[in-house]
Amino acid sequence: MKRQIFTEDHDAFRETVRTFLAKEVTPYYAQWEKDGIVSRDAWRAAGRQGLLGLAVPEEYGGGGTGDFRYSAVLAEEFTRAGAPGLAIGLHNDIVGPYLTSLATEEQKRRWLPGFCSGETITAIAMTEPGAGSDLQGIRTAAEDRGDHWVLNGSKTFISNGILADLVIVVARTTPEGGAHGLSLLVVERGMPGFERGRNLDKIGQKSQDTAELFFRDVRVPKENLLGELNGAFVHLMTNLAQERMAIAIAGIAGAEHVLELTTRYVKEREAFGRPLAKLQHIRFEIAEMATECAVTRTFLDRCIADHSAGTLDAVHASMAKWWATELHKRVADRCLQLHGGYGYMTEYPVARAFTDGRIQTIYGGTTEIMKEIIGRSLLG
Ligand SMILES: Cc1cc2nc3c(=O)[nH]c(=O)nc-3n(C[C@H](O)[C@H](O)[C@H](O)COP(=O)(O)OP(=O)(O)OC[C@H]3O[C@@H](n4cnc5c(N)ncnc54)[C@H](O)[C@@H]3O)c2cc1C
């Protein structure tokens with residue numbers, strides 16, 4: 001089915017992304033998976049190619065497009081290439097909007113050029129050992145000392161945690177403020193007391209550096225407050241819809257990709273004297289998954305178009321996130337089954353799709369939290 005939401009410009013951009021992936025990512029990816037981290041060179045190459053800061057205004061070195069469809073193309077192609085480790089989507093679509101929408105002019109001049117060139121890799125640190133779905137439990141706290149804050153606490157599961165040069169940290173700035181006592185503080189590489197913990201050993205996305213962060217009496221200048229004092233909760237709520245869309249796009253693209261691989265595989269693999277693709281059960285499996293992907297694709301493309309037009313609401317972003325990522329999980333599992341024992345071998349892309357994709361129903365808000373948001377909108 002021809003997708004209606006893209007123009008020739010998006011198609012040309014897709015070719016650019018594919019060329020970038022073939023040249024700068026795929027040849028190195030196996031090594032990055034072994035290393036547990038991607039190379040900084042790849043980030044700089046992405047910057048040179050104009051893939052970083054697509055939505056950042058041109059005057060700060062960005063692409064200057066408010067058109068989210070370019071981000072969708074980027075996410076789709078990275079997913080198809082099986083390269084979630086180079087977390088450009090997180091940098092562009094999840095961290096980027098905080099900087100472009102909340103930073104002061106002075107902060108934009110300080111941070112955005114490096115953001116776009118790949119010199120400054122970014123992360124966002126919300127989750128703590130004791131606070132994931134429920135961010136009201138955040139204990140990392142910043143004490144006001146006049147011209148600076150003193151930050152203490154720890155974060156965990158932070159994507160780009162080892163590489164990040166700039167981390168947006170959600171910290172408590174008013175002890176008794178509950179959800180409205182949290183602020184966004186920008187912590188930069190080299191600030192005394194800012195330390196990285198372990199690069200966490202995960203079951204998938206092996207080349208993505210997901211890490212613990214520690215803050216021990218970190219002196220954060222007042223100029224590094226991002227947005228409103230005690231306004232983090234509102235800022236997070238505003239930006240989480242885009243985060244959820246970015247993950248939903250990876251979900252449907254991942255499901256389509258693993259199905260494509262599997263369709264090829266069952267045509268080639270023979271059992272009982274003929275290709276698997278000739279067995280009715282296999283045909284029905286493929287037919288069912290193709291139908292589910294097509295139906296989901298229609299909804300997702302509608303959400304991408306709405307988000308590009310600025311009309312997507314948080315509830316539909318939550319629907320897209322849980323549905324597309326749960327679909328991906330189901331499809332990856334069924335496709336692995338159709339590969340038999342080979343599906344369990346890491347050298348087969350289906351195995352990587354299975355483990356790399358598994359996290360998507362969890363990060364960016366779990367499926368259960370998405371349903372809570374939707375339920376609340378319907379039932380109060
Ligand atoms: C690879 C990876 C990368 C990540 N990257 C980042 C990052 O860059 N920045 C960041 O801040 N965080 C990041 N996270 C953290 C991620 O967002 C959290 O793991 C996620 O939000 C869930 O929080 P939790 O792990 O504390 O689970 P919990 O909140 O403890 O949830 C445990 C279970 O209880 C369920 N549950 C919780 N509350 C409810 C409820 N009200 N109703 C029904 N069920 C509920 C959950 O759905 C889940 O199934 C990352 C995590 C991973 C694994």
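Which of the residues around the ligand come nearest?

A: This is a predicted model, in which local features need pLDDT of at least 70 and side-chain atom pairs count only at pLDDT 80 or more, while totals for chains, interfaces and linings use all residues. Residues are numbered from 1 along each chain as its sequence is written, and side-chain values use heavy atoms, with hydrogens and water left out.

There are 18 residues around the ligand, and Thr 127, Ser 133, Phe 157, Thr 366 and Glu 368 come nearest. By type, the shell holds nine nonpolar, seven polar and two charged residues. Here Ala, Val, Leu, Ile, Met, Phe, Trp, Tyr, Cys and Pro count as nonpolar, Asp, Glu, Lys and Arg as charged, and the others, Gly among them, as polar.

Strand S1 (122-125), strand S3 (148-159) and helix H10 (367-379) each supply at least two residues of this shell. S3 gives the most, with three residues. Helices (H or I, at least four residues) and strands (E, at least two) are DSSP runs, numbered from the N terminus.

Polar contacts are pairs of N or O atoms within 3.5 Å. A polar side-chain atom of Thr 127 lies 2.7 Å from a nitrogen atom of the ligand. For Phe 157, a backbone N or O atom is 2.8 Å from a ligand nitrogen atom. A polar backbone atom of Ile 124 is 2.9 Å from a nitrogen atom of the ligand. On its own the ligand has 970 Å² of accessible area (Shrake-Rupley method, 1.4 Å probe), and the protein covers 64% of that area.

Definitions and conventions. Near = heavy atom within 4 Å. Polar contact = N/O pair within 3.5 Å; in protein donor to acceptor, adjacent residues only side chain to side chain.
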